[in-house]
Amino acid sequence: YRFRAVGPGLDKFPLKGPVIVVANHSSWMDPMWLGKVIPRPLVPMMTSRYFDHWLLRWIMIYLADAIRVEASGFRRDVPELQKAVDALEAGKCLVIFPEGRLRRTEEQPLKLFGQGIWHILSERPETPVVVCWIEGGWGSYFSYFKGPPTKNKPFDIRHPISIAVGEPHALDAEILADHRKTRQYLMEQCIEMRKLLGLEPLVVQAVEAEEMKVKQG
């Protein structure tokens with residue numbers, strides 16, 4: 001791959017202590033690409049759909065130290081959230097893709113963020129958050145571009161990957177008091193990072209309106 005990394009977070013990234021990295025998710029390789037530009041070992045949260053894939057499982061367990069997230073609907077027991085909090089309490093750098101799944105279409109570059117990130121920050125509100133945007137994952141060999149990952153596209157040879165890394169900051173208590181505000185804020189920050197890469201702005205869907213659509217079927 002050909003990498004380009006920009007943004008204030010590159011020079012100001014915390015080299016020790018707990019930190020959360022939030023990014024968009026369009027390729028299986030996103031955790032590895034972030035690991036290329038972020039100067040610390042990362043602990044990514046990955047859904048079981050990809051964590052358990054034969055091509056990725058060994059990497060997730062032995063190299064990435066990833067936290068497995070069960071890919072399913074509503075669950076009362078969500079042990080991975082406590083594992084994420086434990087990782088932060090141990091001073092680790094946690095990577096979260098709040099969309100919860102890979103990008104599927106050209107028309108929707110960013111899916112609605114889930115509540116998991118809010119639950120984690122509610123337990124560790126003082127944790128600095130670094131918001132990133134990864135460009136180039138969509139269209140890569142490991143994306144859903146023109147078909148499932150590794151299907152209907154050539155293998156990546158010198159494929160360009162650009163990553164914008166935001167400045168670390170803890171979220172205000174007023175934002176963290178509501179899960180919708182937290183998710184909306186982080187989505188908007190993620191979109192804002194595109195400017196650092198010279199990309200066109202995107203319209204971010206309103207969390208409350210999108211949730212209402214889901215409830216109405």
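Analyst: Start with pairing: two strands pair if DSSP finds at least two bridges between them. Strands (E, at least two residues) are DSSP runs, numbered from the N terminus. This is a predicted model: local features need pLDDT of at least 70, side-chain atom pairs count only at pLDDT 80 or more, and totals for chains, interfaces and linings use all residues. Residues are numbered from 1 along each chain as its sequence is written, and side-chain values use heavy atoms, with hydrogens and water left out.

Now to strand β5, residues 93-96. Strand β2 (residues 19-23) runs parallel to β5, and four bridges join them. There, V19 stands opposite C93. Strand β3 (residues 42-47) is also parallel to β5, joined by three bridges. Here V43 has L94 as its bridge partner.

Next, the faces of β5. C93 and V95 lie on one side, L94 and I96 on the other, and all are buried. Buried means under 20% relative accessible area, with a 1.4 Å probe and protein chains only. C93 has 1% relative accessibility, so this residue counts as buried.

What about disulfides? A disulfide is a covalent bond between the sulfur atoms of two cysteines. The rule used here asks for a pair of cysteine sulfur atoms within 2.5 Å. By that rule, the model has zero disulfides. C93 is in none: its nearest cysteine sulfur, that of C132, is 9.0 Å away. For C132, the closest cysteine sulfur is in C190, at 8.0 Å, which is too far for a bond. C132 is at 0% relative accessibility, so C132 counts as buried.

Technical notes. Buried means under 20% relative accessible area, exposed over 50%, partly exposed in between (1.4 Å probe, protein chains only).
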